[in-house]
Amino acid sequence: MKATAVAPANIAFIKYWGRKANRIPYNPSISMNLSVCETTTTVEFSSELTRDVITRGFDSARIVEHLDRLRKLAGVKKKARITTENSFPASSGIASSASGFAALTVAAASALGLTLSERELSALARVGSGSAARSIPDGFVKWEREYAYSLYPPTHWDLRDIIVIVSRRTKKISSSEGHDRVKTSPFFTRRLDAIPGRIKRLETALKTKNFPLFGAVIEEECLDMHHVMQTQDPPLFYWNEDTRRVIDAIQDLPAHYTIDAGPNVHVFCEAKNEPLIVSRLNEWELIINKPARGVHIV
Ligand code: PMV
């Protein structure tokens with residue numbers, strides 16, 4: 001009753017910000033899995049344990065709650081030992097909940113002998129952490145409601161996500177709290193009205209590999225989400241001075257940015273332009289990702 005799974009983190013082009021009950025999102029989101037930012041999780045169920053033992057978990061109560069869901073599905077009562085390693089520093093400001101809950105879901109399901117489809121695994125991961133639903137399928141991924149599915153394999157478009165680490169501090173306000181307060185922003189309904197058109201443009205850009213269109217959409221979307229975050233009650237300001245400096249540094253280059261719930265900047269370019277962009281960003285620590293496959297058992 002033991003299994004190990006590796007799951008990638010993912011970066012959203014169209015963001016998930018705001019959710020209904022059971023982590024059903026207000027709007028569809030589209031993301032790319034990251035090749036270098038991964039979580040490896042081993043789960044072992046044992047009748048010798050009297051409680052779940054978690055080494056280096058970021059939120060033990062949430063992990064136990066998630067294991068209970070899987071145990072219930074399998075009709076198993078045994079407790080588990082969970083070991084987790086991130087390939088990126090836990091405090092790097094890169095979300096570990098997506099890769100973490102995707103790896104936990106698939107390792108635990110496998111250790112329990114559950115045979116579940118990709119969609120079922122994605123829906124289960126979603127209940128643990130919304131964005132984890134998108135770390136299950138391969139490559140470029142869309143999540144509409146219950147589960148996420150692959151739009152294109154990782155080989156579809158040789159993009160780079162150069163993550164510029166401008167701060168290693170963990171965020172003060174969790175995204176969980178932020179999701180529940182979206183409706184306090186006067187701009188949230190306007191955001192929801194704009195999303196369908198933006199998704200259409202992004203899907204065209206991905207299909208035709210149109211980098212300027214891709215860049216225009218991800219920047220517009222990033223600024224829109226942060227506009228809503230900053231006008232929520234309480235307001236969420238995730239950027240710092242270097243966030244702005246990175247944006248300024250790439251203005252004249254064939255590169256575009258997006259930013260999640262933290263100050264670090266994800267700079268996108270096509271593979272052929274990677275050396276040029278990297279040389280411009282050399283004062284910061286960089287983590288360079290390619291598109292990656294989804295979760296897998298090792
Ligand atoms: O899955 P959560 O609750 O950590 O939410 C993630 C929210 C953003 O990272 C800001 C956007 C996204 O779609 O990943």
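These notebook entries record what I looked up in a predicted model.

**Entry 1: Ground rules.** I number residues from 1 along each chain as its sequence is written, and side-chain values use heavy atoms, with hydrogens and water left out. Because this is a predicted model, local features need pLDDT of at least 70 and side-chain atom pairs count only at pLDDT 80 or more, while totals for chains, interfaces and linings use all residues.

**Entry 2: The ligand.** I then checked distances from a ligand oxygen atom to a side-chain N or O atom: 2.7 Å for Ser131, 2.8 Å for Arg134 and 3.4 Å for Asp260. The protein covers 96% of the 380 Å² of accessible area (Shrake-Rupley method, 1.4 Å probe) that the ligand has on its own.

**Entry 3: Two loop residues.** I found Asn22 in the loop between β1 (2-14) and β2 (29-46), strands being DSSP runs of E with at least two residues. Arg23 has its place in that loop between β1 and β2. Phi is positive in both, near 60° for Asn22 and near 55° for Arg23. Arg23, at 17%, counts as buried (under 20%).

**Entry 4: Arg62.** I located Arg62 in helix α1 (residues 60-74); a helix is a DSSP run of H or I with at least four residues. The Arg62 side chain reaches the backbone oxygen of Gly128 at 3.1 Å.

**Entry 5: A cis bond.** I noted that the peptide bond from Asp233 to Pro234 is cis, with omega near -5°.

Methods
Polar contact = N/O pair within 3.5 Å; in protein donor to acceptor, adjacent residues only side chain to side chain. Buried < 20%, exposed > 50% of the residue type's maximum accessible area, 1.4 Å probe, protein only.
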